[in-house]
Amino acid sequence: MKTQRILAIVFLLLAAATTFSQTSRATNDLANRSWQSFWRQITAAVNKKDHAALRKMMPGNFDDGGGGLTGDEWLKFIDENERKGSWRDLQKSFARGTVVNRNWPSKGIPTRVTKDNGYFFEFRKDKKWYFAGVVGD
């Protein structure tokens, strides 16, 4: 009786792990396939300073890196600091490209960061990439 219970528990754990890994693999595959299209759109929006296009690619819970600004407030801050090079710095960071972020595996969602580790992008549950925020301290 004990042996059957132990085997049943092991089987259930293995079945659950297999199910989750398949979902994760499928999500990663979809994220990888859709990345290039998203990247072309976001870099074009940044280069044009297109607020409307950028807001469509930013989630409602955009993370400004610890300052508490919403996505709209952050874009306004970037505009207000343009003379100090805010847009230029953003454009340069995006121009360098991105890498898969392997430092945040606990987040459980595909994440990419700019190569200078300034900004991050997440592939969320609705199967879309987002410019999710500024990498904080």
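Student: How do you know which residues Asn101 touches, leaving out those up to four places away in sequence?

Tutor: In this predicted model, contact means heavy atoms within 4.5 Å. Not counting residues up to four places away in sequence, Asn101 touches Thr111, Arg112 and Val113. Asn101 itself lies in the loop between β1 (98-100) and β2 (111-114).

Student: What makes both faces of β2 covered?

Tutor: Thr111 and Val113 on one side are buried, and so are Arg112 and Thr114 on the other. In a regular strand the side chains alternate between the two faces of the sheet.

Student: Why is the pair of Phe62 and Trp74 called tilted?

Tutor: The structure holds 18 aromatic pairs. In the pair of Phe62 and Trp74, the ring centres are 5.1 Å apart and the planes stand at 45 degrees. Phe62 lies in the loop between α2 (51-56) and α3 (71-80) and Trp74 in helix α3, so the pair ties together parts that are 12 residues apart in sequence.

Student: Why is the pair of Phe62 and Phe131 called edge-to-face?

Tutor: Its planes are 75 degrees apart, with 5.3 Å from centre to centre. Over 60 degrees counts as edge-to-face, so the name applies. Phe131 belongs to strand β4 (residues 129-134), and because Phe62 is in the loop between α2 and α3, this pair links parts 69 residues apart in sequence. Phe62 and Phe131 are both buried. One aromatic cluster includes Phe62, Trp74 and Phe131.

Student: Which residues of the largest nonpolar core touch the most other members?

Tutor: Of its 23 residues, these are Ile42, Leu54, Trp74, Phe94, Tyr119, Phe121 and Phe131. At least two residues of this core come from each of α1 (2-48), α3, α4 (86-95), β3 (119-123) and β4. The largest share, seven residues, comes from α1. In soluble globular proteins, nonpolar side chains tend to be buried together. Tyr119, leaving aside neighbours within four places in sequence, is in contact with residues including Trp74, Phe94 and Phe131.

Student: Why are α3 and α4 called roughly perpendicular?

Tutor: Their axes come within 7 Å and cross at roughly 110 degrees. Angles of 65 to 115 degrees count as roughly perpendicular, and α3 and α4 are therefore described in this way. The contact is made by Trp74, Leu75, Ile78 and Asp79 of α3 and by Ser86, Trp87 and Leu90 of α4.

Note on methods: Residues are numbered from 1 along each chain as its sequence is written. This is a predicted model: local features need pLDDT of at least 70, side-chain atom pairs count only at pLDDT 80 or more; totals for chains, interfaces and linings use all residues. Side-chain values use heavy atoms; hydrogens and water are left out. Rings of Phe, Tyr and Trp (its six-membered ring) pair if their centres lie within 6.5 Å; planes under 30 degrees apart count as stacked, over 60 as edge-to-face and the rest as tilted. Helices (H or I, at least four residues) and strands (E, at least two) are DSSP runs, numbered from the N terminus. Buried means under 20% relative accessible area, exposed over 50%, partly exposed in between (1.4 Å probe, protein chains only). A nonpolar core is a set of buried Ala, Val, Leu, Ile, Met, Phe, Trp, Tyr and Cys residues joined through side-chain atoms within 4.5 Å. Axes are lines fitted to C-alpha atoms, for helices over the stretch in contact, and angles run from 0 to 180 degrees between N-to-C directions. Angles under 35 degrees count as roughly parallel, over 145 as roughly antiparallel, 65 to 115 as roughly perpendicular and the rest as oblique.
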